[in-house]
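Biologist: I am new to this structure and would like to go through a few of its features. Please show it first.

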Amino acid sequence: MNRADVVVVGSGIAGLFFALKASRYGTVALVTKKSRPESSTNWAQGGIAAAFGADDSPALHREDTLVAGAGLCHPDAVDVLVREGPARVRELIELGVHFSEAAGGGLSLGREGGHSRRRIVRAADLTGREIERGLLAAVASAGNISIYENTAAVDLLTATDPGTLGERCCGVRVLDAETGAAVPILAKAVMLATGGCGQIYRHTTNPSIATGDGVAMAYRAGARIANMEFIQFHPTALYPAREKTFLISEAVRGEGAVLRRLDGTAFMDAYHPLASLAPRDVVARAIDAEMKRTGTPHVLLDCSAIAPAEIRERFPNILRETAERGIDMLREPLPVVPAAHYLCGGVLTDTDGRTSVPGLYVAGETACTGVHGANRLASNSLLEAIVFAHRAAERIGPQLAATRMLEPAPLPQTASGDGDADAERIGAAREEIRGLMWEYVGIVRSDERLAEADARLRAIAERVGGWWAASRPTPELVELRNVVQCAHLVVRCALRRKESRGLQYSTDYAYRDNEHWLRDTIVVR
């Protein structure tokens with residue numbers, strides 16, 4: 001039986017940053033179901049928001065965040081984010097992360113939708129990849145960290161704490177990468193940093209591993225889950241979408257690109273005073289409305305206002321990727337459509353990453369810290385990950401020496417059967433869920449369509465539960481179990497919120513109801 005002082009599930013920015021911090025206090029087991037570099041962090045193009053500019057301040061950053069969050073941000077969490085953010089970015093630089101510099105020295109700061117100032121710290125248009133590279137190098141040179149690659153986490157372990165007589169999280173059960181057997185890793189504390197759940201949708205900017213594992217595991221362990229209805233659809237994914245949808249960073253619009261209909265007319269002025277720089281939810285709904293009104297499969301992103309030299313310097317990866325798909329963004333507009341991008345809800349935490357289950361901590365996209373409210377401000381996510389991962393490590397670390405390792409009660413097998421899971425049925429069920437969520441729980445929703453999704457997901461969940469009980473666990477079956485769980489949580493939360501706010505837009509309640517719904521949507525098992 002493996003043991004560590006702390007188990008971390010997930011190897012994106014939140015998991016890696018936390019592991020580095022926690023390793024100063026004790027041993028860390030870092031579990032990742034794929035190879036280390038594969039994460040949503042690695043796909044992040046835009047940057048990391050922090051108030052570094054001479055004309056900027058944490059107060060201005062706070063105000064922009066609160067406006068984007070549509071009344072549901074937790075002010076204490078936002079205060080922590082904007083106040084501590086710059087120091088954490090400096091730490092990344094000290095760890096060896098290389099950000100783009102301005103011609104006259106200092107950081108090169110970009111601007112994105114919803115921001116009143118230039119405050120996007122970036123590494124060209126591959127910021128996430130550079131942060132991941134720097135953190136992986138730091139983890140490799142750190143002591144006390146053991147990495148379990150290609151190891152799927154299945155469920156959290158809990159035990160009765162003699163000190164409180166309550167249940168405490170005491171580890172995680174994983175699928176052994178070599179044998180496929182479900183084995184426990186015991187720990188004094190567990191950090192979930194598994195990213196989001198974009199794979200519950202047919203079109204998503206997320207990597208294939210974004211199956212909501214952390215949210216689903218925490219829910220099954222009894223943790224409080226909040227605001228799952230707030231799924232951010234990125235307005236500009238390259239059309240046609242492939243299996244790995246390519247994201248056109250919001251920073252492109254920040255530098256002057258304009259959204260246009262296929263006939264070349266700009267349309268965002270009719271939807272928001274900031275036009276193409278409006279918040280993402282506004283832009284995504286506007287594109288959705290234009291596509292439905294005109295019957296066209298996409299709209300255009302015209303980059304002609306950006307000098308070619310600036311595109312080559314600022315967006316080399318986008319230029320290369322679009323060229324590989326036969327599009328020259330220096331001379332022609334990019335065809336774009338919305339795609340599921342970011343989960344603003346998740347496992348409810350305080351400002352130290354603690355959940356309602358003692359011993360269980362969550363950070364990054366898996367967490368609902370309250371920073372994003374009903375809509376995430378662009379590039380706040382990477383900042384949120386490092387700020388709250390740092391605070392969680394500082395909370396856990398000093399307590400490790402005095403925390404006893406608990407032994408979970410004798411556990412039943414992960415699945416009661418010994419049959420082989422049918423890979424074809426698993427794949428078909430996953431695609432059924434993704435199509436269902438795209439058609440019924442997308443950018444624009446209604447109670448009728450949500451109720452239909454709810455009923456169909458319940459039926460799928462029952463089927464999956466039967467397979468789970470009858471089969472040996474496989475990584476694909478583990479993911480399917482989590483996908484259907486997260487999809488149903490999104491629908492449950494969406495059905496409860498009887499208003500339109502931020503990323504939740506309902507044709508039945510096309511207004512914001514501050515009297516009754518100025519609060520989080522919370523569900524628990």
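Biologist: Which residues lie nearest the centre of the second largest pocket?

Modeller: D288, M291, K292, W438 and I443 do, among 18 lining residues. This is a predicted model, in which local features need pLDDT of at least 70 and side-chain atom pairs count only at pLDDT 80 or more, while totals for chains, interfaces and linings use all residues. Residues are numbered from 1 along each chain as its sequence is written, and side-chain values use heavy atoms, with hydrogens and water left out.

Biologist: What makes a set of points a pocket, and what makes it a cavity?

Modeller: On a 1 Å grid over the protein atoms alone, a cavity is a set of points where a 1.4 Å probe fits but cannot get out; a pocket is an open set with protein on both sides within 12 Å along at least five of seven lines. Lining residues have an atom within 4 Å of a point.

Biologist: What is the volume of the second largest pocket?

Modeller: About 400 Å³, where a volume is the space filled by probe spheres set on the points, and points are joined across faces, edges and corners.

Biologist: How many cavities are there, and which residues line the largest cavity?

Modeller: The count is three cavities of 30 Å³ or more. The largest cavity, of about 60 Å³, is lined by I231, F233, R280, D281, A284, R285, I443, L503 and Y505. Helix α8 gives the most to this lining, with four residues.

Biologist: Which residues of α6 make the contact?

Modeller: D213, V215, A216, Y219 and R220 of α6 do, against R481, N482, Q485, C486, L489 and R492 of α14. Contact means heavy atoms within 4.5 Å.

Biologist: What makes E130 and R133 a salt bridge?

Modeller: The term requires a side-chain nitrogen of Lys or Arg within 4 Å of a carboxyl oxygen of Asp or Glu. For E130 and R133 the N to O distance is 2.7 Å, so the pair is a salt bridge. Both residues lie in helix α5 (residues 127–141), three residues apart, about one turn of the helix.

Biologist: How many salt bridges does the whole structure have?

Modeller: The search finds 37.

Key
Helices (H or I, at least four residues) and strands (E, at least two) are DSSP runs, numbered from the N terminus.
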